[in-house]
Amino acid sequence: MNVVLLGAPGAGKGTQAAVLTKQLGVVHVASGDLFRKALSENTELGLLAKSYMEKGDLVPDEVTIEMVLERIRQPDCAPGVLFDGFPRTLSQAQALDEKLDGEGKRIDRAVYIEVPEEELVKRLSGRWICRECQTPYHSESSPPKVAGKCDVCGGELYQRADDTEETVRERLKVFFSQTLPIVEYYEKQGKLLRVDGDRDIEEVSAAIARLLEAGNA
Ligand code: AP5
Ligand code: MG
Ligand code: ZN
């Protein structure tokens, strides 16, 4: 099964991916995580991505597509992939469809997590992330058991450089202008599932699980 998680910055894609990958037995492929990994390793790709990410802009399609397609070529992705943060433009969505089609595969479902804008800003300003495994936490809604440490792997928690209010506003603008058309793209293909993401993390997880089950019945 291949599933795309859609949602604005802060909608809870990374949070829900942690639950969903276990439920579905698929691999989590998050383009933002891949860029941040490249950056932490000081690669050419990382340095290029940084100049866009710190402004809240999208990294150019060509490099993004190449990076993600390279990732899903790895053997661990064979059982299926949960895409998080990719595709983010129509060209990315089309490139992914073409690639999967060439292998006799396809995107089965696209789950769109909807959250009001003010809530998104609140979530991102209180977010902490594990430097090692990228698990997201929130100082109020989902704090780690031990302050500053990841529950999953014990890694150090940090705040993302693009989570400042100014950059968050820009990321939201970019989402509504460049990524929202993808919602319609998947809707036209009859693959879209909409989820109200403005409730507790567990309730959102349960709603997604129900929708995916109903969709496969
Ligand atoms: P990326 O890393 O993909 O960031 P994003 O899309 O902006 O999304 P976020 O990771 O900020 O939010 P999320 O939905 O994962 O929320 P989370 O679960 O953490 O991209 C970063 C940058 O990389 C882009 O700006 C761009 O420059 C570049 N990039 C990446 N992909 C690209 C692509 N395909 N093309 C071009 N450029 C690309 O949750 C947020 C917070 O809320 C957490 O603190 C969490 O604990 C909390 N929370 C979650 N759910 C709930 C809930 N139900 N109730 C209360 N709190 C909650
Ligand atoms: Mg994320
Ligand atoms: Zn961790």
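A cavity is a set of grid points where a 1.4 Å probe fits but cannot get out. With that term in place, I shall present this structure, which is a predicted model.

Which residues line the largest cavity? They are Leu 5, Leu 6, Gly 7, Lys 13, Gly 85, Phe 86, Pro 87, Arg 88, Phe 175 and Thr 179. Strand S1 (3-6) and helix H7 (165-188) are the elements that give two or more residues to this lining. By class, the lining of the largest cavity divides into five nonpolar, three polar and two charged residues.

Most peptide bonds are trans. The bond that joins Phe 86 and Pro 87, however, is cis, with an omega of about -5 degrees. Pro 87 is found in the loop between S3 and H5. Thr 89 lies in the loop between S3 and helix H5 (90-102) as well. Is Thr 89 buried or exposed? Its relative accessible area is 9%, and buried means under 20%, so Thr 89 counts as buried. Leaving aside neighbours within four places in sequence, Thr 89 is in contact with Leu 58, Asp 61, Gln 178 and Ile 182.

I turn now to the second largest pocket, which has a volume of about 450 Å³. Of the 16 residues that line this pocket, the closest to its centre are Arg 36, Leu 39, Ser 40, Tyr 158 and Arg 160. Helix H2 (31-40) and helix H3 (44-53) each supply at least two residues of the lining. The largest share, five residues, comes from H2. The lining of this pocket has four nonpolar, three polar and nine charged residues.

Helix H2 also has buried residues: Ser 31, Gly 32, Asp 33, Phe 35, Arg 36 and Ala 38. The buried residues of H2 pack against strand S2 (27-30), H3, helix H4 (61-72), strand S3 (81-84) and S7.

Next, a point about the backbone. Most residues other than glycine have a negative phi. Asn 42, in the loop between H2 and H3, has a positive phi of about 55 degrees although it is not a glycine. At 58% relative accessibility, Asn 42 counts as exposed. Gln 134 has a positive phi too, of about 70 degrees, and is found in the loop between S5 and S6.

Finally, the metal site. Which protein donors does the zinc ion (ligand 3) have? They are Cys 130 (SG), Cys 133 (SG), Cys 150 (SG) and Cys 153 (SG), lying 2.3 to 2.4 Å from the ion. Why is the arrangement called tetrahedral? The four donor atoms subtend angles of 98 to 116 degrees around the zinc ion (ligand 3), and four donors count as tetrahedral if all angles lie between 85 and 135 degrees. In sequence, the donor residues are spaced C-x2-C-x16-C-x2-C. Cys 130 lies in strand S5 (residues 127-130), and Cys 153 in the loop between strand S6 (136-138) and strand S7 (157-158), so the pair ties together parts that are 23 residues apart in sequence. Cys 130 is buried, with a relative accessible area of 0%, whereas Cys 153, at 40% relative accessibility, counts as partly exposed.

Terms used: Residues numbered from 1 in each chain as written. Chains lettered and ligands numbered in written order. Predicted model: local features only at pLDDT ≥ 70, side-chain atom pairs only at ≥ 80, totals over all residues. Heavy atoms only, no water. 1 Å grid on protein atoms, 1.4 Å probe; cavity = no way out; pocket = protein on both sides within 12 Å on 5 of 7 lines; lining within 4 Å. Points joined across faces, edges and corners; volume = space filled by probe spheres on them. Helix = DSSP H or I, 4+ residues; strand = E, 2+ residues; numbered from the N terminus. Nonpolar A, V, L, I, M, F, W, Y, C, P; charged D, E, K, R; others polar. Donors = N, O, S within 2.8 Å, 3.2 Å for Na, K, Ca; no water. Tetrahedral: all angles 85-135°; square planar, octahedral: opposite > 155°, others 65-115°. Buried < 20%, exposed > 50% of the residue type's maximum accessible area, 1.4 Å probe, protein only. Contact = heavy atoms within 4.5 Å.
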